[in-house]
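My entries follow in the order in which I made them.

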Amino acid sequence: MGILEVKDVNKRFGGLKALSDVNLSVKENTVHAIIGPNGAGKSTLLNCLVGKLIPDTGSVMFDGQSVLGRKPYQINQMGISRVFQTPEIFGDLTVMENVMIPLLAKRDGAFRLHAFESVEDETDLRHEAETMLEEVKMLDKRNMHTASMSRGDKRRLEMAMCLIQKPKLLLLDEPTAGMARADTNNTIDLLKEIREKRSITMCIIEHDMHVVFSLADRITVLAQGTPLVEDEPQKIKGHPKVKEAYLGEAA
Ligand SMILES: Nc1ncnc2c1ncn2[C@@H]1O[C@H](COP(=O)(O)OP(=O)(O)OP(=O)(O)O)[C@@H](O)[C@H]1O
Ligand SMILES: [Mg+2]
C-alpha cells in the first residue's frame, strides 16, 4: 500500500474527459514523477488530490484516509502541501513575511491569519522561519520584497512556504518551468537535499526530463487522461508507450 492511493478516478469538464480510470500508488518516502504532454490531465489529477477539484468517480486515499469531501485547508492539515504551476506568493510582502504566513495560519482549524500571541511567540516563529529560509538558501534575501525576485527564487520561496508546514507529501507542479538551466540544476540539488534531510514523499509533474530522471524513483506516463505506463526510470527511457504518449497513436 502506498501513502497515496488513487483508484479509478474519472473527471470530466463538460464533454472533455480530462481523467479516465486513473490509478496511481505512491510509496512513502519516494519521488514519483507524472509526465505527459500538454493537456494530458496532470494538473487536473493534482487538483483532485488537494481538494481543488472533486473527481466524478473513484477514490483518493492519503495515509489511510479519504481526501474526498474535504476542503483544501483540511487536506493540507492531513499533511499534503502543493507547489502550484504558477507561484502563489504575496508580492507586496517580504520573503520572511511570506514564509511566516503558513505558521500564522495553521493555529486553528480554519485558514485564518493570527497575530503573534506574545513577544516570545514572535521570536519563536521568526526563528522557525529563518531556519526554513536557511534550508532553502534564501536567508540572505529575507527582507526582499518578492515582486522583483527571479522565477527561481519565487519557486524556492514557495517551496519554503510548503516545507515549513512539515508535509508528509509534497506535490510539485512543474517546479522548474521557465527556469534557466542553472536555476533548474539548483532546484534539483535542493530537492535532493530536502529528500535526504526529511522524511517526505514527493509527487512531481515535470516536462524537463533531466529533472525527472535526476529525481524520480517511479514514473507514470499520462496521455489524454489515462496512465499508459508506470515503471522505474530506466525502464521508461525509450519505452514505446512514452513515444505513443508524446506523438500519438501514429508513433
Ligand atoms: N477547469 C477546467 N475547465 C475545463 N477544461 C479544463 C479545466 N481544467 C483543465 N481543463 C482541460 O482538461 C485537460 C487537462 O488539463 P490539465 O491542465 O490537467 O493538463 P496538464 O497535463 O496539466 O497540461 P500542461 O502540461 O499544459 O500543464 C485539458 O484539455 C484542459 O484544457
Ligand atoms: Mg499542468
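**Ligand 1**

I looked up the surroundings of ligand 1 and found 14 residues around it, the closest being Asn38, Gly39, Lys42, Thr44 and His207; a residue counts as near if one of its heavy atoms lies within 4 Å. I note that this is a predicted model, in which local features need pLDDT of at least 70 and side-chain atom pairs count only at pLDDT 80 or more, while totals for chains, interfaces and linings use all residues. Residues are numbered from 1 along each chain as its sequence is written, chains are lettered from A and ligands numbered from 1 in the order in which they are written, and side-chain values use heavy atoms, without hydrogens and water.

I then turned to polar contacts (pairs of N or O atoms within 3.5 Å). I found an N or O atom in the side chain of Asn38 at 2.8 Å from an oxygen atom of ligand 1. For Gly39, a polar backbone atom is 2.8 Å from a ligand 1 oxygen atom. For Ser43, a backbone N or O atom lies 2.9 Å from an oxygen atom of ligand 1.

**Helix 3 with helix 4**

I took helices as DSSP runs (H or I, at least four residues), numbered from the N terminus. Helix 3 (residues 95-105) and helix 4 (residues 119-135) cross at roughly 115°, and their axes come within 9 Å. I recorded the crossing as right-handed, that is, with the near helix turned clockwise from the far one by less than a right angle. Contact (heavy atoms within 4.5 Å) involves residues including Val95, Met96 and Val99 of helix 3 and Leu125, Arg126 and Glu128 of helix 4. I sorted the contact residues into ten nonpolar, no polar and three charged.

**Helix 3 with helix 5**

Here I read an angle of about 30° and axes 8 Å apart. Helix 3 is therefore roughly parallel to helix 5, a term for angles under 35 degrees. This crossing, too, is right-handed. Val95, Asn98, Val99 and Pro102 in helix 3 meet Leu157, Ala160 and Met161 in helix 5.

**Helix 5 with helix 6**

Helix 5 (residues 151-163) packs on helix 6 (residues 181-197) at about 15°, with axes 10 Å apart.

Technical notes:
Axes fitted to C-alpha atoms, helices over the stretch in contact; angles between N-to-C directions. Helix = DSSP H or I, 4+ residues; strand = E, 2+ residues; numbered from the N terminus. Polar contact = N/O pair within 3.5 Å; in protein donor to acceptor, adjacent residues only side chain to side chain. Nonpolar A, V, L, I, M, F, W, Y, C, P; charged D, E, K, R; others polar. Parallel < 35°, antiparallel > 145°, perpendicular 65-115°, else oblique.
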